[in-house]
Amino acid sequence: MRRALWTVVLALTGGVTYRGRLPRGGCVVVANHSSHADTAALLAALDSRHAPLIGAAADYWFATPWRRRVCRHLAAGFPVRRTGGGLDDLLGMADALRAGRAVVLFPEGTRGRDGAVGDFRRGALLLAERAGVPVVPVGLAGTDRLLPKHGRLRRTLVRVHIGAPLYGAVLPAAARDAVQELTDRAAGAPLPDSRLRRRVAAVAASRWGLPLAFAWAFAEALSWPLMPELFLAVACVAAPRAGLRLSLTALAGSLAGGLLALQLAASGAHLPAPLTTDRMRAAVSRQLTDEGAAAVRHQPWDGIPFKVYAAGAGRAGVPAADWLLASARARGTRTLTVGLAFAALGAAARPWRRRYPAYAALLGGGFTLGLGMIVNGWSG
């Protein structure tokens, strides 16, 4: 539950990625320390079968009852005195190590500020030697930006690199060098990504992105069967920073296409309308008779395509100005909400960009299923 909790929390603050895994059995994990967020990152990255315990400064985390409760219950912390008796506190964890648990310690003793890993104290290494378990170096990157020492929380990606275990008597300098190397590697590691996402993002953010969004929405308002929200779901997740302008452009294309569809229908033209039914057209006709242009407010929720409303408004003689105003409110609510929601999803899911092909496949399958259900529901 702790691992799930901190994984979710870090996903909301920029995400966490991790490489490597702990060896079987108990081990002492030593990591660099630059932020209170280090504990959260380690609890999210270390497997739960090791039931990690985190060494915490007794004079800070156990100084008051509420800090003690937070540290014990949310961070699996145990107290380590920084002056007098700290080594005894550490050696008292030997039985937990022999039982297969992981004890996580920050041998620097305090949070650093310059990004470099400080000198290591011997306590963690003596504990591993006494319990007969390996020392596992871990490098953390990004936590100092996420929650700086004496600073405020900022959104950023956190990386955790778990190294190879060190067996036998380990010198403090050797452990420190291993952690420093992993920290540097974590800080410089490229974000895992997929080729498909990169290509979609390149198109969405290029000079072709806005014309494509406009053309897709414009065509859907006339005859094209795939709604612009599908385009936004694909493009905004791949390129979150382009989400607002793509959504606004899609809205403009939808309104322009709807206005043209109204005028064509008013002049007697009948454009193809695939994946629509007579029941849809009959329902829209009744709504337009009762409510006029305001009937389009039902469109975002009843599953009837926008082009059916636009053509029906033209046949019903709805004034173009009234239609444009009413459809701007209805389409604006749906298109902007959907586009910005998918942009937010893309930003939150940044650490999992390599999963974009799976997302696209699920999106396509879900859209196909949903469209089939809507068409079947309006058939007969």
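Axes here are lines fitted to C-alpha atoms, for helices over the stretch in contact, and angles run from 0 to 180 degrees between N-to-C directions. Helices (H or I, at least four residues) and strands (E, at least two) are DSSP runs numbered from the N terminus. The model is predicted: local features need pLDDT of at least 70, side-chain atom pairs count only at pLDDT 80 or more, and totals for chains, interfaces and linings use all residues. Residues are numbered from 1 along each chain as its sequence is written, and side-chain values use heavy atoms, with hydrogens and water left out.

**View 1. Helix H14 crosses helix H16.** The axes of H14 (residues 278–291) and H16 come within 9 Å and cross at roughly 55°. The two helices are therefore oblique to each other. Angles under 35 degrees count as roughly parallel, over 145 as roughly antiparallel, 65 to 115 as roughly perpendicular and the rest as oblique. Met280, Arg281, Val284, Gln287 and Leu288 of H14 meet Val308, Tyr309, Gly312, Ala313 and Arg315 of H16. Contact means heavy atoms within 4.5 Å. By class, six residues are nonpolar, two polar and two charged. Ala, Val, Leu, Ile, Met, Phe, Trp, Tyr, Cys and Pro count as nonpolar, Asp, Glu, Lys and Arg as charged, and the others, Gly among them, as polar.

**View 2. Helix H12 packs against helix H13.** The axes of H12 (residues 228–238) and H13 (residues 243–266) come within 10 Å and cross at roughly 165°. H12 and H13 are therefore roughly antiparallel. H12 passes H13 in a right-handed crossing. Pro228, Phe231, Leu232, Ala235 and Cys236 of H12 touch Gly243, Leu246, Ser247 and Ala250 of H13. This contact has seven nonpolar, two polar and no charged residues.

**View 3. Helix H1 meets helix H4.** Their axes come within 9 Å and cross at roughly 100°. That makes H1 roughly perpendicular to H4. Arg2, Leu5 and Trp6 come from H1, and Arg72, His73, Leu74 and Ala75 from H4. Four of the contact residues are nonpolar, one is polar and two are charged.

**View 4. The largest pocket has a volume of about 990 Å³.** A pocket is found on a 1 Å grid over the protein atoms alone, as an open set of points where a 1.4 Å probe fits, with protein on both sides within 12 Å along at least five of seven lines; lining residues have an atom within 4 Å of a point. Grid points are joined across faces, edges and corners, and a volume is the space filled by probe spheres set on the points. Of 43 lining residues, His33, Gly55, Ala56, Trp61 and Phe106 are the closest to the centre. Elements that each supply at least two lining residues include H1 (2–12), H4 (65–75) and strand E3 (53–57). The lining divides into 26 nonpolar, eleven polar and six charged residues.

**View 5. The second largest pocket has a volume of about 290 Å³.** Its lining holds 21 residues, with Met227, Gly303, Arg334, Leu371 and Ile374 nearest the centre. H18 gives the largest share, six residues. Twelve lining residues are nonpolar, four polar and five charged.

Conventions: Left-handed = near helix turned anticlockwise from the far one by under 90°.
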